[in-house]
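Subject: Handing over the structure

Hi,

Here is the structure I promised to pass on. Have a look at it first, and then read my notes below.

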Amino acid sequence: MTNQIKRFTPDFWMKSPGNSPKGERRDFINPDWIPWTDWLMPGTYFKLFMCDLVSGNFTLLLKVDPGIKAAVHWHLHNTEAFILEGGFYYEEEGDDKGYKNYYTCEAAGNVHEPFTTPEGCTMLAVSHGPIGGYDDDGNLVVMADARLHYYMAKENNAIDYTTVVDYSFGTTDLQEKND
C-alpha cells in the first residue's frame with residue numbers, strides 16, 4: 001500500500017479556498033459604466049453585476065419596457081427582486097402588485113408570466129439558480145443560467161465590471177466540441 005500525501009485536505013481549502021482572484025476588478029462600480037445588453041425577450045435588457053459560474057447564482061439590473069408581458073417561465077431556485085422604477089405584477093385583477101421600492105421573492109417552483117406597469121420596470125434581481133423559459137406551446141426553450149447571462153453580456157462587451165466567480169481557469173471560454 002502506497003503512502004500518498006493528500007493534497008486537498010481541509011487545511012488546503014482553508015489556505016486556498018478558490019481561484020477567483022480580484023485582478024483588475026473594482027470593488028465598487030457605477031452601473032452607468034455598463035452598457036445594456038438585450039435580454040431573452042424583445043423589450044428587455046440587463047446589466048450583469050455578478051456571475052457565479054460555480055453555483056449558478058447571478059445578480060443583474062433588469063429593465064423591461066412598458067406594456068411587456070413576459071414569457072411563461074419557471075424558477076428552479078429563488079429569485080429576489082427589488083423594484084427601482086415602475087413595477088410589475090402577475091395577475092391583472094387584485095391589488096397584489098409590485099411598485100417602486102417593493103421587494104418580492106419569486107420562490108423556487110414558481111411558474112408565472114409577469115406583466116409590467118405602463119411605466120415599465122427596472123429592478124435589481126438576484127437569482128439563486130437558473131430560470132426556465134417556455135414558448136407559447138409550453139415547450140421549454142431556454143435555461144437562463146449564470147453562464148448564459150455571462151456569454152450574452154460578453155458578446156455585448158459588457159463584462160468589464162462584472163464580478164465573475166470561477167474556481168477553475170478557463171471555464172469562461174466557450175468549449176469547442178471535439179469530433
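A word on terms before the layout: helices (H or I, at least four residues) and strands (E, at least two) are DSSP runs, numbered from the N terminus. Counted that way, the protein chain has 2 helices and 12 strands, and along the sequence they follow the pattern α-β-β-β-β-β-β-β-β-β-β-β-α-β.

Please keep in mind that this is a predicted model: local features need pLDDT of at least 70, side-chain atom pairs count only at pLDDT 80 or more, and totals for chains, interfaces and linings use all residues. Residues are numbered from 1 along each chain as its sequence is written, and side-chain values use heavy atoms, with hydrogens and water left out.

**The chain as a whole**

I call a residue buried under 20% relative accessible area, exposed over 50%, and partly exposed in between (1.4 Å probe, protein chains only). Of the 179 residues of the protein chain, 34% count as buried. The accessible surface comes to about 11800 Å², with 52% of it belonging to carbon and sulfur atoms; areas are from the Shrake-Rupley method with a 1.4 Å probe, and for residues only the protein chains shown count as cover. As for contacts (heavy atoms within 4.5 Å), take those with a separation of 6 or more: 67% of them are between residues 24 or more positions apart.

**The core**

In soluble globular proteins, nonpolar side chains tend to be buried together. Here, the largest nonpolar core has 29 residues. By nonpolar core I mean a set of buried Ala, Val, Leu, Ile, Met, Phe, Trp, Tyr and Cys residues joined through side-chain atoms within 4.5 Å. Phe46, Leu48, Leu60 and Leu62 have the most contacts inside this core. At least two of its residues come from each of β2 (44–52), β3 (58–64), β5, β9 (115–127) and α2, and β3 gives the largest share, 5 residues.

Not counting residues up to four places away in sequence, Phe46 touches, among others, Trp36, Trp39, Leu60, Leu62, His149 and Met152.

Thr59 is also worth a click. Thr59 sits in strand β3 and is buried, because its relative accessible area is 13%. Beyond its neighbours within four places, the contacts of Thr59 include Leu48, Met50, Leu124 and Val126.

Leu53 belongs to the loop between β2 and β3, and with a relative accessible area of 14% Leu53 is buried too. The C-alpha atoms of Leu53 and Asp166 are separated by 5.4 Å, although the two are 113 residues apart along the chain.

**Strand pairing**

Two strands pair if DSSP finds at least two bridges between them. Strand β10 (residues 131–134) pairs with strand β4 (residues 73–75) in the antiparallel sense over 3 bridges, and Gly133 in β10 is the bridge partner of His73. β10 is also joined to strand β11 (residues 140–144) by 4 bridges, again antiparallel; there, Tyr134 stands opposite Leu140. β10 and β11 make a hairpin with 5 residues between them, and Gly138 in the turn has a positive phi of about 85°.

**One salt bridge**

How many salt bridges does a search of the whole structure find? It finds 1, taking a salt bridge as a side-chain nitrogen of Lys or Arg within 4 Å of a carboxyl oxygen of Asp or Glu. The side chains involved are those of Lys69 and Glu113 (3.6 Å, N to O). Lys69 lies in the loop between β3 and β4 and Glu113 in the loop between β8 (111–112) and β9, so the pair ties together parts that are 44 residues apart in sequence. Glu113 is partly exposed, at 28% relative accessible area.

**On the surface**

Phe82, Leu84, Tyr103 and Leu124 form a nonpolar patch with about 340 Å² of accessible area together. Patches are made of residues with over 30% relative accessible area and no salt bridge; like charges are joined within 9 Å, and nonpolar side chains (Val, Leu, Ile, Met, Phe, Trp, Tyr) within 5 Å. Leu84 is in strand β5 (residues 79–89) and, at 34%, counts as partly exposed.

Lastly, two asparagines. Asn101, in the loop between β6 (97–99) and β7 (103–106), has a positive phi near 70° and is exposed at 53% relative accessible area. Asn157, in the loop between α2 (146–155) and β12 (163–165), has a positive phi near 55° and is exposed at 64%.

Cheers
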